[in-house]
Amino acid sequence: MGIIIDKSLINIFTLTYPLQFIYYILKSVFSTGANICKEKDKNKNAVMSGMIIGTIFSVIIFTIVLINIDNYINFMNMDINTYKVFTIYSILQLFVSLEFAMILNKLYYEEKNTLANKYSLTFNLLNFVLLIGTSLITKNQIVIITTTIIPLALFTLYIYIKNSNKFKLQLNVLNCIKYDSVELFNNIAFFLIFLFGLSNALEYREQFAIALTFVSLITDTQWDTADAIVTAATIDISKNEFNYKYHKNNAYKLLGILFITSLIMFICLYGFYDLNFKITMIYFGFEIVNFIIYPVYRIKTCYLQLEWSAFKTTSNKICSSILRMVMSLLKTPFCTGIGQVCSSIYQFISVSIFFKLNYTIDKDGNVISKKFNDKDNTN
């Protein structure tokens with residue numbers, strides 16, 4: 001959209017970035033947590049109950065944000081007239097995507113991967129074709145977002161109804177929070193980190209803002225896709241089918257592909273924007289460090305969360321988030337990148353220590369509890 005309509009629209013991505021974590025917070029509790037409840041608590045009503053309750057909370061929260069849209073844009077140190085229409089589009093798209101993601105999550109836990117991937121491909125192609133196609137025909141921003149959002153919403157409603165089951169409203173919300181508490185508190189922290197951190201970073205010169213936005217543009221979809229590492233590990237752990245080496249190897253294969261796509265996007269899109277190469281590479285360097293160590297600590301965190309101690313694992317995540325939040329308030333345009341790297345390194349070290357103290361991994365990749373081994377040796 002920045003290329004077709006107005007270069008400044010690339011900054012919508014950074015402007016609404018904190019709001020993505022409202023999406024993740026709601027998904028964590030009412031989708032991932034609910035699906036784990038179905039497996040661990042044998043509550044067949046949990047998934048549909050979570051989807052319905054999650055939808056109600058989503059409508060309320062995103063409506064409040066839309067009502068206060070001018071105040072939000074002002075807080076992020078950006079111009080209301082330039083960004084308002086597409087900020088509204090971005091928020092509406094987040095809501096529709098959340099409803100869509102809850103349906104996909106349900107299907108993935110039911111091992112209907114092919115159907116879920118078919119829906120996902122259709123949704124994203126529809127979004128892309130309508131948004132880009134309409135913007136090539138008209139520059140009227142209201143027409144563009146209306147033409148895109150309405151069909152996406154109708155398609156989502158269709159698959160929502162089609163994949164719904166009969167159920168009774170029965171959901172243990174506390175268990176939903178417990179089973180995915182690391183991700184939940186992680187996303188709450190991210191919301192605060194990026195809300196204040198990006199507001200802080202956007203106070204600096206435009207060349208820093210455009211470089212930060214550009215690097216986010218070419219890596220954020222990759223980070224969203226990398227969330228599959230967590231989803232796959234969580235599903236197998238909850239079903240007692242987890243193999244560490246298998247998940248780690250697949251995680252690095254996926255990240256290798258994702259990193260290559262980031263490089264391709266860097267090369268293809270760099271010339272469209274007035275970027276300072278040195279500043280851009282500093283921001284990109286932060287992402288590379290995080291790509292390298294992400295699979296190890298995220299997979300181990302999933303295992304510790306579900307099989308060791310949800311409280312201790314979540315507490316450790318909160319510590320890393322506080323560290324990142326503090327670093328993100330540094331008076332430097334690189335504050336968000338510094339915070340991200342410091343948090344990742346802390347998690348890599350701390351989670352590895354927790355895992356090593358409590359578990360060993362045999363040559364086949366199976367995770368074995370050291371407490372279990374000690375009991376065997378005693379006997």
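Hi everyone, let's start with Glu111, which is exposed, with a relative accessible area of 55%. Exposed here means over 50% relative accessible area, buried means under 20%, and partly exposed is in between, using a 1.4 Å probe and protein chains only. Before going on, please keep in mind that this is a predicted model, where local features need pLDDT of at least 70 and side-chain atom pairs count only at pLDDT 80 or more, while totals for chains, interfaces and linings use all residues. Residues are numbered from 1 along each chain as its sequence is written, and side-chain values use heavy atoms, with hydrogens and water left out.

So where does Glu111 sit? You'll find Glu111 in the loop between H5 and helix H6 (113-137). Helices are DSSP runs of H or I with at least four residues, strands are runs of E with at least two, and both are numbered from the N terminus. The phi of Glu111 is near 65°, a positive value in a residue other than glycine. Asn240 has a positive phi too, near 60°. Asn240 belongs to the loop between helix H10 (206-238) and helix H11 (244-269), and at 68% relative accessibility it counts as exposed.

Now to the salt bridges. A salt bridge is a side-chain nitrogen of Lys or Arg within 4 Å of a carboxyl oxygen of Asp or Glu. How many does the structure hold? There are five. In one of them, the side chains of Glu111 and Lys239 meet at 3.0 Å, N to O. Glu111 is in the loop between H5 and H6 and Lys239 in the loop between H10 and H11, so this pair ties together parts that are 128 residues apart in sequence. Salt bridges that share partners also join Lys106, Glu110 and Lys112 into one network. Within it, the closest N and O atoms of Lys112 and Glu110 are 3.4 Å apart. Lys112 is partly exposed at 40% relative accessibility, and Glu110 is partly exposed at 25%.

Another salt bridge joins Asp70 and Lys84, at 3.2 Å from N to O. Asp70 lies in helix H4 (residues 69-75) and Lys84 in helix H5, so the pair ties together parts that are 14 residues apart in sequence.

Let's stay with H5 and turn to packing. Two packed helices are described by the angle between their axes and the distance between the axes. The axes of helix H2 (residues 20-40) and H5 come within 10 Å and cross at roughly 20°. Axes are lines fitted to C-alpha atoms, for helices over the stretch in contact, and angles run from 0 to 180 degrees between N-to-C directions. H2 and H5 are therefore roughly parallel to each other; that label covers angles under 35 degrees, with over 145 roughly antiparallel, 65 to 115 roughly perpendicular and the rest oblique. Contact means heavy atoms within 4.5 Å, and the residues making it include Tyr23 and Phe30 of H2 and Leu98 and Tyr109 of H5.

Last stop, the inside. A nonpolar core is a set of buried Ala, Val, Leu, Ile, Met, Phe, Trp, Tyr and Cys residues joined through side-chain atoms within 4.5 Å. Of the 86 residues in the largest one, Leu15, Phe86 and Tyr283 touch the most other members. Which helix gives the most to this core? Helix H5 (residues 80-109) does, with 15 residues.
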